[in-house]
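Let's take a walk through this one, strand by strand. Have a look at the fold before reading on.

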Amino acid sequence: MIIKSGRLIDPKSNRDEVLDIKIKDGKILAIGKNLESSESEEEIIDTKGKIVVPGLIDVHVHFRDPGQTQKEDLETGSQAAVAGGFTSVIQMANTSPKIDSKEKILEHYKKARNLPLKVFTVSALTKNFGDLELVDMEENFKRGAVAFTDDGIPNRNSKLILEAMERAKKLGALISFHEEDPELISQNGINHSEVSESLGIFGSPNIAETSFIARDVAIAIYTGAKVSIQHISTGLGVDLVKFGKSMGANIYAEVTPHHIALNDSAVLKYGSLAKMNPPLRSEKDRLRITKGLKEGTIEIIATDHAPHTKEEKEKEITKAPSGIIGLETSFSVCYENLVLTGEISLMKLIELMSYNPARIYGLDGGKIEEGEVADLAIIDLDSIYKIDKFKSKSSNTPFKDKNLKGEVIYTISDGKIVYKK
């Protein structure tokens, strides 16, 4: 396969130029101008006027498999991912049963073997998310867990968290934390503000997130463990991560496209489709998140793709589950709200969505270099499109039926076309 005349954007090398890419046996064989076909049957993809970027990498998805496959499964989640330009994703462990043992990790990889992209898994940090006993971290890491997290059930046992970070440091493993203190939340998924008050509920105050971030930043400084703060939503949370970095902590943060694009007023317009954990916060928080991306405090954009059925989301807002899907809209939402607004460069966006996730989680991909795996996305920045039918089983997103700019037209995983518009 030869990809011809595309605008190659590679954050690792900071390369941005029109080039050809020759692919053979799943690897990038050559990069250059006017590459010639050496085989009569070689496929040529004309990408003139399009960008060619490293395949996107999402370190935070929920494919609901096993246990809740009426919402999503590994196959439909994978189809949604490749339609969004992703060539690697990491599934969270809050399945049913939880992914908390070597047997469940091995079962995941057995099921994921023939999917069109690489679907990694984390391990639960505590057995059955119980917050009482750590999993066998050493064995689970050895069996392929790429990180540890009890995402969905925040960890309240500080003594256990200290032990976990000390063990993770010895392993060279990453722990990612869902930072919300449930004791401080009356109704989850909605920010405590004039918006929640207008709905007659208290909601989730900023302190629920920032108190836990402060704890884990302090323990990360103390232990030197590698830590990621998941789906950060508060301006003060960004400042706490920045402080941790300044103190030498090996700490990172991720943010979702919806926390980049929306504030808590979206709940009044979209109802439960704008309900998620942590909730959309104030405009001031949203702007601090954008600044955090620009300054390098936040280094990963991850979707927190969280499918729910239509029936679940149609319940009254306090009873509807939290979460939205995001794989099929993530690039466009970020491109429109960060690049077209002049907040960051296109190169920076690709770094946040491919190179940094690969680098921080120790995954292949995230770069376009000779000899590297041929994981690529081809995107038409000028194409305006509307998603009204999803590859995902679910459609719970406020971005449904919106006109979006920047359409993924090809996804290539291990040198094979796995998605074509």
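Which residue takes a positive phi in the hairpin of β1 and β2? That's Asn14, with phi near 60 degrees, in a hairpin that has four residues between the strands. Bear in mind that this is a predicted model, where local features need pLDDT of at least 70, side-chain atom pairs count only at pLDDT 80 or more, and totals for chains, interfaces and linings use all residues. Residues are numbered from 1 along each chain as its sequence is written, and side-chain values use heavy atoms, with hydrogens and water left out.

Back to the strands (DSSP runs of E, at least two residues, numbered from the N terminus, just as helices are runs of H or I of at least four). β1 (residues 2-10) and β2 (residues 15-24) are antiparallel, paired over seven bridges; two strands count as paired if DSSP finds at least two bridges between them. Ile2, for instance, has Lys22 in β2 as its bridge partner. The hairpin of β2 and β3 has two residues between the strands, and Asp25 in the turn has a positive phi of about 55 degrees.

Next comes an open sheet of three strands, ordered β6-β7-β8 with parallel pairing. β6 (56-61) and β8 (118-121) each have a single partner strand, so one side of each is left without a neighbour in the sheet. Four bridges join β6 to β7 (residues 86-91), and Asp58 stands opposite Val89 in β7.
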